[in-house]
Amino acid sequence: MKRGAWIASIAAGAMSFAGAAHATTPLREGQPTPGALHLQPAATEVMREITAFHDFLLWIIVAITLFVAVLLMWVMVRYNRAANPTPKKFTHNILVEVIWTVVPVLILVVIAWKSFPLIYREERIPEQAELTLKVTGNSWFWNFEYPDAGVAIAANLLPEEDARAQDRPYLLATTEPLLVPVNTTVRVLITSNDVIHAFAVPAFGVKEDAIQGRVNETWFNVDTPGIYYGQCSELCGVNHAYMPIEIHAVSREEFDAWIAAQGGSFAAAEPATPAPAPGQTTTPATEQPAAAPSTTTR
Ligand SMILES: [Cu+2]
């Protein structure tokens, strides 16, 4: 009775704590929390699928572990020297051997059936990617660049005293948070200036190596506004633990305002491409009518 009440109060406390945490900091979803189990809440469809696949595998792993544990216990109890003093001498059983070959193969086929389409979806950049983000790893900070807007920032670790003062998570917060618009497919190009780093944001389901002299590609489409944290995920040197990634997923308006505040503009880039285009079209257009009448008159 007493213990039941105690467990109930802990459960209620935990639930109210979780509720309070969500109520006060609705945006801070993309970071590890003390004592938490499972994966971080997903902010992209791909991460949702990864989470579902993880849970599916968990059932298979639990079932196999229980099955093997029960088998072992059965053998230990039923066939020990006391319970079974004169063991049988046969060594082969065709039916059992076929089963223990075919069943694991079927399990692997089912896992492949579920995982291969997911791998393809993660790796394949959607055709309708609207934005290109270039990520460059450095020892030990990140460069982020929107080449189409002419915006480039360098994100360093936010010093501990600043993080405490601003109530931001030390070792995850950066001096220059990167903004991305929600519901936008972002193509990410990843490279490195020195050693191998890895760009990883758990809530996006993104983890890609940053390799010097190479450009790796990945993508994400964040559907939930929020602040998402990641870290370099390749042992890259002495300050490996001090190059976090902080991404704010915001509305398109907020994102455009931020781009403008950084001195960049997609509008400038967009007319810049059409601007030569009308120029180009007018030149042939003026030439063509001139040429066309001349050919017709000749
Ligand atoms: Cu690194």
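Me: Why is leucine 171 called partly exposed?

Reply: This is a predicted model, so the count comes from predicted coordinates. Leucine 171 has 14 other C-beta atoms within 10 Å. Buried needs 20 or more, and exposed means 12 or fewer. The count of 14 lies in between, so leucine 171 is partly exposed.

Me: Where is leucine 171 in the chain?

Reply: Leucine 171 sits in the loop between helix 4 (160-166) and strand 4 (178-181).

Me: Which residues is leucine 171 in contact with, leaving aside its neighbours within four places in sequence?

Reply: Ala241 and Pro244. Contact requires C-beta atoms within 7 Å. Methionine 243 is 72 residues away from leucine 171 in sequence, yet their C-alpha atoms are 7.7 Å apart.

Me: How do you know that the length of helix 3 agrees with its residue count?

Reply: Helix 3 covers residues 94-123, which is 30 residues.

Me: Where does helix 3 have a kink?

Reply: At serine 115, shortly before proline 117. The kink is about 25 degrees.

Me: What makes helix 3 hardly covered?

Reply: The count of buried residues among its 30 is zero.

Me: What percentage of the chain is buried?

Reply: Buried residues make up 22% of the 298 residues. The chain has seven helices and ten strands.

Conventions: Residues are numbered from 1 along each chain as its sequence is written. This is a predicted model: local features need pLDDT of at least 70, side-chain atom pairs count only at pLDDT 80 or more; totals for chains, interfaces and linings use all residues. Helices (H or I, at least four residues) and strands (E, at least two) are DSSP runs, numbered from the N terminus. Two residues are in contact if their C-beta atoms, placed from the backbone, lie within 7 Å. The expected span of a helix is 1.5 Å times one less than its number of residues. The bend at a residue is the angle between axes fitted to the seven residues ending there and the seven starting there.
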